[in-house]
Amino acid sequence: PPRIKNGARLAMHQCRCQSRPRMNANATPHRFTPSAPLRGTIAVPGDKSISHRSLILGAIAVGETHVTGLLEGEDVLATAAAMRAMGADVERLGDGEWRVHGVGIGGLLQPDSAIDCGNSGTSARLLMGLVASHGITTSFVGDASLSKRPMGRVIEPLSLMGASFTASPGGRFPLMLEGAHPAVPITYRLPMPSAQVKSAVLLAGLNTPGITTVIEPVPTRDHSERMLRGFGAQIEVAEEDGARVIRLSGQTDLQPQDIVVPGDPSSAAFFMVAATLVEGSDLTIRNVGMNPTRAGLVGVLRQMGANIEEVDAREVGGEPVADLRVRHAALTGIEVDPSVAPSMIDEFPVLFVAAALAQGTTVTRGLEELRVKESDRLATMAAALEAVGARVEEREDGLTIHGTGGEPLRGSANARVKTHLDHRIAMSMAVAGLASRDGVEVDDTSPIATSFPNFMELLDGATR
């Protein structure tokens, strides 16, 4: 069982975290009004998953890694600060251009203070994995939203590898992690689909002697495997007995890379749905990552009738990329296959908006994971959509949405939609506002900066 202790060492950080407000004292409300057609060409920020991993792997490679197109949102900047705190030289050279001079496998230093992950679950889980196999003891803290998210799913396998945890009740932040050196290689079968848990175990395996094995009954996004291979790690991926099996040989030096980060499909999702819903739209989104473990939304929207064309499909840095031309189209409700959930888990909030304006009923299942994101995204989106006139039924594992048949949503004339500090809820309800009669006012747009700093600017430019 995981070695989770309840100790006095947490007290100094416990107070810090719990004192943070659950609502943003500097909230920035905004009303999103019915939109002109979205036209022209835009480029969304770099992929968040790849940006995190570029900094982490660059920081433990031997030599200098150069990254262009890095997402400079608050989540990724939290990872950059953490790698600096542990000894890597991480420098911003220009817009999206960064240099990372690594310390080598096993070369991480003890940080002088707590690692603050802010709102970033990716930073939290991946950095816990990285530290777990080093001789480092450090505390991890985050904001009020992150401190409600479960870390037990990462604590369990990392404890099996020898790391020790002193966690807050429920295995949550703030927590203290004492790394194991040397760590013990394990074979770990994921109890639920999670790219973050898989990546945490693989990152721990980098500084662990022997072979660390992760078994995925349901495949999840594979950026870690692709990038580890690109950095020179000894990693093998195979299909065995219907599962995906990843084997990593530890303590192999990583070689620095030149990385071009493709556009984030999770960010492109908001513009795909907006252009589909707003009549007269014809929008091209450049350089979008089309990794099949991430591109589930494109297929689901096409099933519903969306007009999304892939232009100039190509490969950049081992990742498939394309420009997406999206034109307005009428949508029809469908029953979404639960097996696609891992490939679009972050895009369901905006899919719910698309479903709210479709003809007929859309049914989604197998989405329990959405209840432990930055907010309970099932409950939050159900409440938000109902507040603007949609008909929604909430179940434990998904939503059933009865669409308007293309008629605009009523909107929220006299009330603010609650986003619960969740960036994807805020952006999804912004899209709902574009396709509403009276507009939609969200209570706080400031969390959008965690993943999409120029969202408002791009939206304004595309709808002029």
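1. The largest nonpolar core has 76 residues. Phe271, Met272, Ile285, Phe348, Phe352, Leu385 and Met429 are the members with the most contacts inside it. The model is predicted. Helix H8, residues 265-277, supplies the largest share of this core, with nine residues.

2. Phe348 is one of the residues with the most contacts inside the largest core. With neighbours within four places in sequence left aside, Phe348 is in contact with Val336, Ala341, Thr364, Leu367 and Leu370.

3. Helix H10 covers residues 348-356, and its axis comes within 9 Å of the axis of H8. The two axes cross at roughly 5 degrees. Angles under 35 degrees count as roughly parallel, and H8 and H10 are therefore roughly parallel to each other.

4. On the H8 side, the contact is made by Ala269, Phe270, Val273 and Leu277. On the H10 side, Val350, Val353 and Ala354 take part. By class, the residues of this contact are seven nonpolar, no polar and no charged.

5. Helix H12, residues 423-434, has 12 residues and reaches 17 Å from its first C-alpha to its last. That is close to the 16 Å expected at 1.5 Å a residue.

6. H12 is mostly covered, with 12 of its 12 residues buried. The buried residues of H12 include His423, Arg424, Ser428 and Gly433, as well as Met429, which is also among the residues with the most contacts inside the largest core.

Technical notes:
Residues are numbered from 1 along each chain as its sequence is written. This is a predicted model: local features need pLDDT of at least 70, side-chain atom pairs count only at pLDDT 80 or more; totals for chains, interfaces and linings use all residues. Side-chain values use heavy atoms; hydrogens and water are left out. A nonpolar core is a set of buried Ala, Val, Leu, Ile, Met, Phe, Trp, Tyr and Cys residues joined through side-chain atoms within 4.5 Å. Buried means under 20% relative accessible area, exposed over 50%, partly exposed in between (1.4 Å probe, protein chains only). Helices (H or I, at least four residues) and strands (E, at least two) are DSSP runs, numbered from the N terminus. Contact means heavy atoms within 4.5 Å. Axes are lines fitted to C-alpha atoms, for helices over the stretch in contact, and angles run from 0 to 180 degrees between N-to-C directions. Angles under 35 degrees count as roughly parallel, over 145 as roughly antiparallel, 65 to 115 as roughly perpendicular and the rest as oblique. Ala, Val, Leu, Ile, Met, Phe, Trp, Tyr, Cys and Pro count as nonpolar, Asp, Glu, Lys and Arg as charged, and the others, Gly among them, as polar. The expected span of a helix is 1.5 Å times one less than its number of residues.
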